[in-house]
Amino acid sequence: MRTAFLSSITALAVSLAFPAFAQEKTLTVYTYESFVAEWGPGPKVKETFEKTCGCKVEWVGVADGVELLTRLKLEGEGTKADVVLGLDTNLISEAKATGLFEPHGLKPEGLTVPGGFSDDTFLPYDYGHFAVVYDTEALKTPPASLKELVEGDPSQKIVIEDPRTSTPGLGLLLWVKSVYGDKSAEAWAKLKDRLLTVTPGWSEAYGLFTKGEAPMVLSYTTSPAYHVIAENTVRYKA
């Protein structure tokens with residue numbers, strides 16, 4: 001299996017200190033839209049959690065993690081969010097700088113994350129790697145490295161996400177910067193010819209990919225596992 005790794009991430013569940021939950025018995029959770037989609041984990045999480053919390057869970061979904069943080073910054077102290085779920089390690093410093101987040105006060109016993117992670121404000125709820133996912137029926141020789149992705153056949157298109165609104169998009173931006181350094185602009189100029197489009201978030205990008213609009217998409221190493229479990233197919237690989 002050929003894999004193009006971008007960077008490891010830790011998605012985070014973050015508590016904000018606002019009294020609305022205690023007064024209204026409603027827990028408002030800001031997260032990314034694929035989490036709350038009917039095929040995502042959100043509906044089941046809501047159903048299960050409401051049985052034990054004595055509250056109503058209200059999801060507020062946005063395109064992706066970067067847009068999630070942008071919305072919080074725009075709303076400021078007037079935000080309705082009680083919990084934010086879906087920021088990653090690339091956004092922690094910026095999120096803390098807003099002054100909106102409270103220490104969680106928890107000691108998650110037995111919680112381990114590859115590479116280690118500990119923070120008094122943010123709690124990890126999953127982890128993974130960004131990757132180029134490809135359709136084996138449309139692409140027989142996928143790129144095995146960033147160099148091959150950048151310099152490969154421009155007719156073999158990829159859909160990527162906007163780094164201004166999407167965590168995978170931001171991950172790709174940082175990966176290119178890490179590998180190419182001062183020559184990043186040149187790398188992007190070459191990669192541009194392979195781009196089918198740049199979407200605001202992961203859901204739009206992956207939707208175009210599964211509809212056959214492009215043989216590759218910027219996603220996660222866990223994406224093929226979903227297709228194995230939900231669709232019983234190994235057609236998609238990372």
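At what angle do the axes of helix 7 and helix 8 cross, and within what distance do they come? Hi everyone, let's start there, keeping in mind that this is a predicted model.

Helix 7 covers residues 167–180 and helix 8 covers residues 184–191. Their axes come within 9 Å and cross at roughly 125°. That angle is why we call helix 7 oblique to helix 8. The crossing is right-handed. On the helix 7 side, the contact is made by L172, L173, V176, K177 and Y180, and helix 8 brings S184, A187 and W188. If you sort the residues of this contact by type, you get six nonpolar, one polar and one charged.

Let's stay with helix 8 for a moment. Which of its residues are buried? They are S184, A187 and L191. Around the axis they cover an arc of only 60°, so they sit on the same side of helix 8. In general, an α-helix has 3.6 residues a turn, so residues three or four places apart point the same way. The cover over the buried residues of helix 8 includes helix 6 (146–151), helix 7 and strand 7 (195–199).

Now over to helix 4, residues 65–75, where G65, V66, L68, L69 and L72 are buried. Looking down the axis of helix 4, you find these buried residues within an arc of 160°, so they line one face of the helix. Among the elements covering them are strand 2 (26–32), strand 3 (56–62), strand 4 (83–87), helix 5 (92–97) and, once again, helix 7.

Conventions:
Residues are numbered from 1 along each chain as its sequence is written. This is a predicted model: local features need pLDDT of at least 70, side-chain atom pairs count only at pLDDT 80 or more; totals for chains, interfaces and linings use all residues. Side-chain values use heavy atoms; hydrogens and water are left out. Axes are lines fitted to C-alpha atoms, for helices over the stretch in contact, and angles run from 0 to 180 degrees between N-to-C directions. Helices (H or I, at least four residues) and strands (E, at least two) are DSSP runs, numbered from the N terminus. Angles under 35 degrees count as roughly parallel, over 145 as roughly antiparallel, 65 to 115 as roughly perpendicular and the rest as oblique. A crossing is left-handed if the near helix is turned anticlockwise from the far one by less than a right angle, and right-handed if clockwise. Contact means heavy atoms within 4.5 Å. Ala, Val, Leu, Ile, Met, Phe, Trp, Tyr, Cys and Pro count as nonpolar, Asp, Glu, Lys and Arg as charged, and the others, Gly among them, as polar. Buried means under 20% relative accessible area, exposed over 50%, partly exposed in between (1.4 Å probe, protein chains only). The arc is that of the directions from the helix axis to the C-beta atoms.
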